[in-house]
Amino acid sequence: MKKLSFIITFVFLSILFVQAQQAKYVFYFIGDGMGVNQVLGTEMYRSELKGEIGITPLLFTQFPFATVATTFSATNGVTDSAAAGTALATGNKTKNGTLGMKKDLETKINSVAAWAKDKGCRVGISTSVSVDHATPAAFYAHQAQRNSYYNVGLDLIKANYDFYAGSDFLDPTNKKGGDGSSESLYTLVDKAGYSVARGYKDYQKKAKKSDKMILLQPSSATDVSAIPYAIDRKKGDMTLAEITRAGINFLSKDLSKGFFLMVEGGKIDWACHSNDAATAFNEVVDLDDAIKVAYEFYEQHPDETLIVVTADHETGGIVLGKGPYTLNLQALKSQKVSESGYTRIINNLRKKYKNQVSWEVIKQSLKDNFGFWDSIQLNEKQEARLKKVYDESFGGQKVDLQKSEYQQDEPLASEAKKILNDIALVGWTSGGHSGGYVPVFAIGAGAELFQGRIDNTEIPVKIAEAAGYPN
């Protein structure tokens with residue numbers, strides 16, 4: 001009898017121990033396009049700013065568990081964000097371009113966010129780009145085509161999660177696929193019981209009285225596709241750290257339920273598509289700043305919180321070094337705006353001078369925004385490259401914009417960025433994705449599950465195991 005009593009007690013205590021170790025609060029950070037060299041380059045850049053050779057670690061790279069993951073899709077060696085997002089969300093490979101469905105384009109599959117909701121947790125999905133973009137959409141949508149933005153928005157409402165955040169909706173009235181009779185997503189989310197906040201301050205005003213929340217950037221924002229790059233940020237712009245803080249605040253209304261919050265740093269990918277090293281490194285730092293907000297929560301609940309940081313794929317094939325056995329990453333600090341930010345500056349100069357912009361005015365602008373002829377000395381060939389592009393762009397002929405995945409930039413902005421990359425000794429292999437490893441970092445309850453090389457499909461399954469989600 002005593003032996004049986006001991007066994008029962010042991011089993012009971014074991015169950016309590018397992019339960020105590022489960023992750024009640026889960027943070028899932030995804031740096032879109034953030035491969036191994038994007039992270040390492042950022043840390044080496046931070047060291048060079050201090051006059052040192054080495055690395056100055058980001059917070060998330062100091063997490064106790066770290067590994068790498070493979071990212072190929074079901075149909076391609078190089079994935080797109082929809083298939084990669086679906087893998088990270090559902091644990092299933094699928095066809096490029098597909099959200100929340102198997103590669104047959106018929107079978108719907110639920111995500112780790114839905115598993116968390118099924119357990120009774122509060123759920124949030126957030127990003128620095130649009131709420132209906134591929135990575136966030138993979139956690140709630142079921143669409144054969146990622147660019148069916150209106151239908152993705154309808155799926156957002158159907159998923160009925162507690163909190164969404166991002167820049168805006170890309171096609172709120174179904175202009176791309178409808179006949180003009182579709183009801184606005186803004187009307188539909190209101191009918192579904194969501195409060196829509198425009199910016200962090202508006203969120204603070206509305207949060208207490210709201211049962212469900214969609215946080216979008218202020219109405220004054222001119223670009224609905226994303227919040228501004230960190231390097232271009234101005235006062236009043238919404239930040240990824242604010243989005244993360246709002247998500248934690250809103251989901252913590254009932255801590256007894258636990259929560260799941262996905263946060264995407266979506267514009268790392270955009271900067272890498274345009275091969276903009278300075279902007280990309282600043283975006284990685286910006287993601288780290290958002291992770292710091294989650295880490296503050298972890299410090300208050302260390303035994304019940306899991307933070308996982310990874311990426312959906314690598315973008316650009318960034319190379320740290322171009323032949324000489326050295327780097328000059330500190331040169332990148334002279335870049336004050338993104339490539340697209342400098343395009344806007346040139347556009348304003350065109351308007352101011354009625355397209356008759358002198359080389360002297362352009363030189364001063366390049367000095368102000370890239371440090372050329374000041375902190376960055378140019379050789380004759382580099383200056384000639386800039387002058388040639390200037391002559392072509394302001395010579396009265398049609399300007400052929402430099403196109404990347406998400407941007408169309410002035411040739412002069414593109415050339416200035418290329419020259420600064422050359423001086424920094426940073427190279428790129430493409431303007432698209434690559435099949436390279438992506439990093440995985442974890443801390444907290446269940447973090448020990450993230451060891452050894454893994455595939456991206458294993459990550460949500462391991463999160464579910466750590467948190468006890470039914471899947």
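**View 1. Buried residues of helix α2 in the predicted model.** Gln 38, Val 39, Gly 41, Thr 42, Glu 43, Tyr 45, Ser 47 and Glu 48 are the buried residues of α2. The model shown here and in the other views is predicted. Elements covering these buried residues include two helices, α10 (267-273) and α11. Strands β9 (314-315), β10 (319-320) and β15 (438-444) also take part in the cover. The 14 residues of α2 should span 20 Å at 1.5 Å a residue, and the end C-alpha atoms are 20 Å apart, so the two values agree. Just after α2 comes Gly 51, with a positive phi of about 75°.

**View 2. Helix α2 packed on helix α11.** Helix α2 covers residues 36-49. Its axis lies 9 Å from that of α11, and the packing angle is about 95°. An angle from 65 to 115 degrees counts as roughly perpendicular, so α2 is roughly perpendicular to α11. On the α2 side, the contact is made by Asn 37, Gln 38, Gly 41, Thr 42, Tyr 45 and Arg 46. On the α11 side, Phe 281, Val 284 and Val 285 make the contact. By class, the residues of this contact are four nonpolar, four polar and one charged. Gln 38, Gly 41, Thr 42 and Tyr 45 of the contact are also among the buried residues of α2.

**View 3. Helix α9 alongside helix α11.** Helix α9 takes in residues 240-251, and helix α11 residues 277-300. Their axes come within 8 Å and cross at roughly 25°. Angles under 35 degrees count as roughly parallel, so α9 is roughly parallel to α11. The crossing is right-handed. From α9, the residues in contact are Leu 240, Ala 241, Thr 244, Arg 245 and Ile 248. They meet Asp 286, Leu 287, Asp 289, Ala 290, Val 293, Ala 294, Glu 296 and Phe 297 of α11. Eight nonpolar, one polar and four charged residues make up this contact.

**View 4. Burial along helix α9.** Nine of the twelve residues of α9 are buried, and the helix is mostly covered. The buried residues are Leu 240, Ala 241, Ile 243, Thr 244, Ala 246, Gly 247, Ile 248, Phe 250 and Leu 251. From first C-alpha to last, α9 reaches 16 Å, close to the 16 Å expected at 1.5 Å a residue.

View 5. Helix α12 (residues 339-352) packs with helix α13 (residues 359-370) at an angle of about 155°. The axes are 12 Å apart. The two helices are therefore roughly antiparallel to each other. Their crossing is right-handed. Tyr 342, Ile 345 and Leu 349 of α12 make the contact with Val 361, Ile 362, Ser 365, Leu 366, Asn 369 and Phe 370 of α13. Seven of these residues are nonpolar, two are polar and none is charged. The loop between α12 and α13 holds Ser 358. Ser 358 counts as partly exposed because its relative accessibility is 28%. Ser 358 and Tyr 390 are 32 residues apart in sequence, but their C-alpha atoms are 9.3 Å apart in space.

**View 6. Glu 415 in helix α15.** Helix α15 spans residues 411-424 and includes Glu 415. The relative accessibility of Glu 415 is 13%, so this residue counts as buried. Leaving out residues up to four places away in sequence, Glu 415 touches Arg 385, Leu 386 and Val 389.

Terms used: Residues are numbered from 1 along each chain as its sequence is written. This is a predicted model: local features need pLDDT of at least 70, side-chain atom pairs count only at pLDDT 80 or more; totals for chains, interfaces and linings use all residues. Side-chain values use heavy atoms; hydrogens and water are left out. Axes are lines fitted to C-alpha atoms, for helices over the stretch in contact, and angles run from 0 to 180 degrees between N-to-C directions. Helices (H or I, at least four residues) and strands (E, at least two) are DSSP runs, numbered from the N terminus. Angles under 35 degrees count as roughly parallel, over 145 as roughly antiparallel, 65 to 115 as roughly perpendicular and the rest as oblique. A crossing is left-handed if the near helix is turned anticlockwise from the far one by less than a right angle, and right-handed if clockwise. Contact means heavy atoms within 4.5 Å. Ala, Val, Leu, Ile, Met, Phe, Trp, Tyr, Cys and Pro count as nonpolar, Asp, Glu, Lys and Arg as charged, and the others, Gly among them, as polar. The expected span of a helix is 1.5 Å times one less than its number of residues. Buried means under 20% relative accessible area, exposed over 50%, partly exposed in between (1.4 Å probe, protein chains only).
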